[in-house]
Amino acid sequence: MSPFSYNCLGENAVEKDAEEIIELAGKASLTDQQKQVQENIHSHIRTFSKSMDDILLPTSKRSDESLNSSVQANAVPRRSGLSLAVGGVATPSNQPVVPETQPLLRAELSKSLKKHMGYTLELKPSQISHKEAGRGLFIDGEAEVGSVIAFYPGVVYSPAYYRYIPGYPRVDAENPYLITRYDGTVINAQPWGEGADLRELWDGLTVPEFHLNLSQGADKGSDRMWKMLSKPLEGGRREIGMEILERRNPLALGHFANHPGKDMAPNVMVCPYDFPLTEREMRTYIPNILFGRDDEPVKMKRFGSFWFKSRSSTESTSDVPVLKCLVLVATRALRDEEVLLNYRLSNSKRRPAWYIPVDEEEDRRRWS
């Protein structure tokens, strides 16, 4: 059942209600289902953003904070990318001012969020028995099925900018915090780390020092895809991208979710989320920034598993600019337990010793 169905059920639903929802979902078109999934996710994130505002913004500023943010955003030319990595320009002097918030540390904010929403997240030793499991992501509190449990934070790369991912072409050799959406968009969570104790103008350029569990995510497999996409991109300069982001975000830890171990089952699923950039009052709580120019959408075409720049510009694009993100959504009710995500690694190359397929046939279908 899809997340939008969960949202319709509610905590007091019975099995008959679930069956009716499944039947209705089956009759809806794929486009309608995707739309409802997006609406469900957006509704959860709006509630989360409201809770964060209630905790962090001084009472006198809650009413006009979103207006000020919007004015600042319009006054400053919007910039996106990580130009310092590829020869960028100097930082402009008229950057938006980071608004005043309550001086809470991450741990304090996390506790307050639990009081507002019923749950938060924490990092501690994984319950997976494998010696390489390291730390795991845990939910502290209770969340209903269909709830947005975590964001996958970091820098967002469209297929046009794969070559700018640090470490290219073997980008995954020393970075287990990369994930790919169905449309080829890659998110690199390594620069985000565990967050920070402040709201700041963030550019995603600095990689923080934190414990890396390379064996849990690093894939030592073939780099043929990167070699096929090794043709230099046109233009080497990219403007600096900076956004005012809430680095204390307690839910921006999706990259720490482990794959389930033996006799364990996943309890969340990864869902694409297209955040509408017109929602400026929520922007600071979306822990992602875009690499490259967001005012010049690059059209791509897919060939098999690979994406390439398209010379055609006849395809229509959305009127609303979006930031392509990923979130983890609960597939059942969760309570004080480890968050587990099915990694669904490719079966076409050797997989790590710790990886136990949840559904071998599903993995085969995904990568066939």
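Me: Where is the place of Ser126?
Reply: Ser126 is in the loop between strand E1 (119-125) and strand E2 (135-143). Helices (H or I, at least four residues) and strands (E, at least two) are DSSP runs, numbered from the N terminus. This is a predicted model, in which local features need pLDDT of at least 70 and side-chain atom pairs count only at pLDDT 80 or more, while totals for chains, interfaces and linings use all residues. Residues are numbered from 1 along each chain as its sequence is written, and side-chain values use heavy atoms, with hydrogens and water left out.

Me: Is Ser126 buried or exposed?
Reply: Ser126 counts as buried, at 14% relative accessibility. Buried means under 20% relative accessible area, exposed over 50%, and partly exposed in between (1.4 Å probe, protein chains only).

Me: What does the side chain of Ser126 reach?
Reply: It reaches the backbone nitrogen of Ile128 at 3.0 Å. The side chain of Ser126 also makes a polar contact of 2.8 Å with the side chain of Glu338. A polar contact is a pair of N or O atoms within 3.5 Å; within protein, one must be able to donate a hydrogen and the other to accept it, and residues adjacent in sequence count only if both atoms are side-chain atoms.

Me: Leaving aside neighbours within four places in sequence, which residues is Ser126 in contact with?
Reply: Ala133, Gly134, Arg135, Gly136, Phe138, Asn258 and Glu338. Contact means heavy atoms within 4.5 Å.

Me: Asn258 then. Where is its place?
Reply: Asn258 is in the loop between strand E8 (243-246) and E9. Asn258 is buried, because its relative accessibility is 3%.

Me: Which side chain does Asn258 join by a polar contact of 3.4 Å?
Reply: That of Glu338. A polar atom of the Asn258 side chain also lies 3.2 Å from the backbone oxygen of Arg135.

Me: Changing topic to strands. How many residues of strand E13 are buried?
Reply: In strand E13 (residues 322-330), 7 of 9 residues are buried, so the strand is mostly covered.

Me: How many bridges join E9 to E13?
Reply: Strand E9 (residues 268-276) and E13 run antiparallel and are joined by 9 bridges. Phe275 has Leu323 in E13 as its bridge partner. Strand E3 (residues 148-151) is also antiparallel to E13, with 3 bridges, and there Phe151 stands opposite Val327. Two strands pair if DSSP finds at least two bridges between them.

Me: And the open sheet of 4 strands, what is its order?
Reply: The order is E5-E6-E4-E10, with mixed pairing. Strand E5 (178-180) and strand E10 (288-290) are the edge strands, each pairing on one side only. E5 and strand E6 (residues 186-188) run antiparallel with 3 bridges, and Thr180 stands opposite Val186 in E6.

Me: How many disulfides does the structure hold?
Reply: It holds 0 disulfides, a disulfide being a pair of cysteine sulfur atoms within 2.5 Å. Cys271 is buried, with a relative accessible area of 4%, and Cys325 is buried at 1%.

Me: Last one, the whole chain. How many helices and strands?
Reply: The protein chain has 8 helices and 14 strands. Of its 368 residues, 46% count as buried. Among contacts between residues at least 6 apart in sequence, 79% join residues at least 24 apart.
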